[in-house]
Amino acid sequence: MRAVRFHDHGDPDVLVLDEIEPPEPDHGDVRVTVRAAAVNPVDTYFRTGEYEPPELPMIPGTDLAGVVDSVGDGVSEISEGDRVFATGLGSDRLGTYAEQVTVPADRLAHLPADVSFEIGAAAGVVVGTSWRALVDYAALEPTETCLIHGANGGVGHVAVQLAATIGARVIGTARPPYHDQLESLGATTVLDYTRDDLAEAVDHAPDVILETRADENLQFDADVAATGARVICIGNATEHAELTAIGAAKSKDVCYQFMTLFNAPDLSAILDRTASLLERGAVVPAIARRYDLDEAAEAQRAVMEESLLGKIVLVP
Ligand SMILES: NC(=O)c1ccc[n+]([C@@H]2O[C@H](COP(=O)([O-])OP(=O)(O)OC[C@H]3O[C@@H](n4cnc5c(N)ncnc54)[C@H](OP(=O)(O)O)[C@@H]3O)[C@@H](O)[C@H]2O)c1
């Protein structure tokens, strides 16, 4: 089978397409013929060595969707021929940029019949992270205001949809070309994050903030937050983040929660909820771009360097 691998750490060009033996499912695993795999920023952190992969050569990739072609011992609720989607791969085991991938049965769920493989693959990390942030950690309520930073990004554009589905007032930050589309996805207001008067432009103090750039925005978040706000920090571009004046955060009882989806106690439960959202059309990732497996380097370069609305997928 074809698999994208990196044999050493480095820039995107270390990704090569290798011909290797298909993996056999261990106890508790199924093997999936991959129909689509998403490209997420985290995939690149393992490639550069910022995060340590479990082995080299390593297959990158966290999310997939496809058809089960072999079932290991000890798996009872998944059968050959089932359409499934999965997440949480490519960190403690090989990833998803391949034609066949073994997946622990507790990191996948059935993909609803009317949902495409591309949308299923695109959903894993981004809907799961939005769910953990807005539902599990923030307990966002319909009467509240939710601010989503980077609202056009992979996580941001589904978080906008999830917050709107919950019934919250949704403020997104994104550059102007994306404003109309984000409003059609459920944002009440979209503000350009580069404007100098961004804090003054936030017309409803957010009760919940989904923070994709904690290195830039921690102080801004405290300054605009409502009393009792929950700021859920999922992303950063550099390691340093700080509050320059703690008064606003202290006087408003602002709670900062940092998180990673990889720590979720039950990924299949989150994927089951994601399947329900996809089936109802309540939260649907947008596919911004498709690449073949042999274009994985270009796809990883794009996910880090280009501005898009939605997700990049690899289609083997
Ligand atoms: N903790 C977790 O479990 C978890 C899960 C998923 C993702 N993440 C992390 O979360 C971050 C976002 O992931 P993603 O998949 O959504 O990435 P993405 O698709 O690349 O989106 C990044 C978004 O951030 C925006 N942005 C850039 N600078 C900003 C600023 N100063 N203020 C506000 N927004 C800004 C970008 O806008 P432009 O398009 O204008 O550049 C874009 O909308 C990444 O760091 C990723 O590693 C963490």
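Visitor: Where does Pro-57 lie?

Guide: Pro-57 sits in the loop between H1 and strand E4 (64–71). Helices (H or I, at least four residues) and strands (E, at least two) are DSSP runs, numbered from the N terminus. This model is predicted, so local features need pLDDT of at least 70 and side-chain atom pairs count only at pLDDT 80 or more, while totals for chains, interfaces and linings use all residues. Residues are numbered from 1 along each chain as its sequence is written, and side-chain values use heavy atoms, with hydrogens and water left out.

Visitor: Which residue does a cis peptide bond join to Pro-57?

Guide: Start with the general idea. Most peptide bonds are trans, and most residues other than glycine have a negative phi. Here, Leu-56 and Pro-57 are joined by a cis bond, with omega about -5°.

Visitor: Which phi does Ala-139 have?

Guide: Ala-139 has a positive phi of about 50°, although it is not a glycine. Ala-139 belongs to the loop between H2 and strand E8 (145–148). Its relative accessible area is 42%, so Ala-139 is partly exposed. The classes are: buried under 20% relative accessible area, exposed over 50%, partly exposed in between (1.4 Å probe, protein chains only).

Visitor: Is Asp-253 buried or exposed?

Guide: Exposed, at 59% relative accessibility. Asp-253 has a positive phi of about 50° and is not a glycine. Its place is the loop between helix H7 (247–251) and strand E13 (255–258).

Visitor: How do I read a ligand shell? Which residues are closest to the ligand?

Guide: Begin with the cut-off. A residue is near a molecule or strand if one of its heavy atoms lies within 4 Å of it. Here 24 residues surround the ligand, and the closest are Tyr-45, Arg-175, Tyr-193, Leu-261 and Ser-307. By class, the shell has 9 nonpolar, 12 polar and 3 charged residues. Ala, Val, Leu, Ile, Met, Phe, Trp, Tyr, Cys and Pro count as nonpolar; Asp, Glu, Lys and Arg as charged; the others, Gly among them, as polar.

Visitor: Which polar backbone atom is 2.7 Å from an oxygen atom of the ligand?

Guide: First, the term. A polar contact is a pair of N or O atoms within 3.5 Å; within protein, one must be able to donate a hydrogen and the other to accept it, and residues adjacent in sequence count only if both atoms are side-chain atoms. A backbone N or O atom of Val-155 lies 2.9 Å from a ligand oxygen. For Met-259, a backbone N or O atom is 2.8 Å from a ligand nitrogen. The 2.7 Å case belongs to Leu-261, whose polar backbone atom faces an oxygen atom of the ligand.

Visitor: How many percent of the ligand's accessible area does the protein cover?

Guide: The protein covers 83% of the 920 Å² that the ligand has on its own. Helix H1 (41–48), helix H2 (117–137), helix H3 (154–166) and helix H6 (214–224) are the elements that give two or more residues to the shell. Accessible areas come from the Shrake-Rupley method with a 1.4 Å probe; for residues, only the protein chains shown count as cover.

Visitor: And salt bridges? How many does the structure hold?

Guide: Side chains of opposite charge can pair when their charged atoms come close. The criterion is a side-chain nitrogen of Lys or Arg within 4 Å of a carboxyl oxygen of Asp or Glu. The structure holds 15 salt bridges. One of them pairs Arg-2 with Glu-99 (3.1 Å, N to O). Arg-2 is in strand E1 (residues 2–6), and Glu-99 is in the loop between strand E5 (83–86) and strand E6 (100–104), 97 residues apart.

Visitor: Which parts does the salt bridge of Arg-2 and Asp-292 tie together?

Guide: Arg-2 and Asp-292 meet at 3.5 Å, N to O. Arg-2 lies in strand E1 and Asp-292 in the loop between strand E14 (287–291) and helix H9 (296–305), so the pair ties together parts 290 residues apart in sequence. Asp-292 is partly exposed at 26% relative accessibility.

Visitor: Is Asp-29 buried or exposed?

Guide: Asp-29 forms a salt bridge with Arg-93 (3.2 Å, N to O). Asp-29 is in strand E3 (residues 29–39) and Arg-93 in the loop between E5 and E6, so this pair ties together parts 64 residues apart in sequence. Asp-29 is buried, with a relative accessible area of 6%. As for networks, salt bridges that share partners join Arg-2, Glu-99 and Asp-292 into one.
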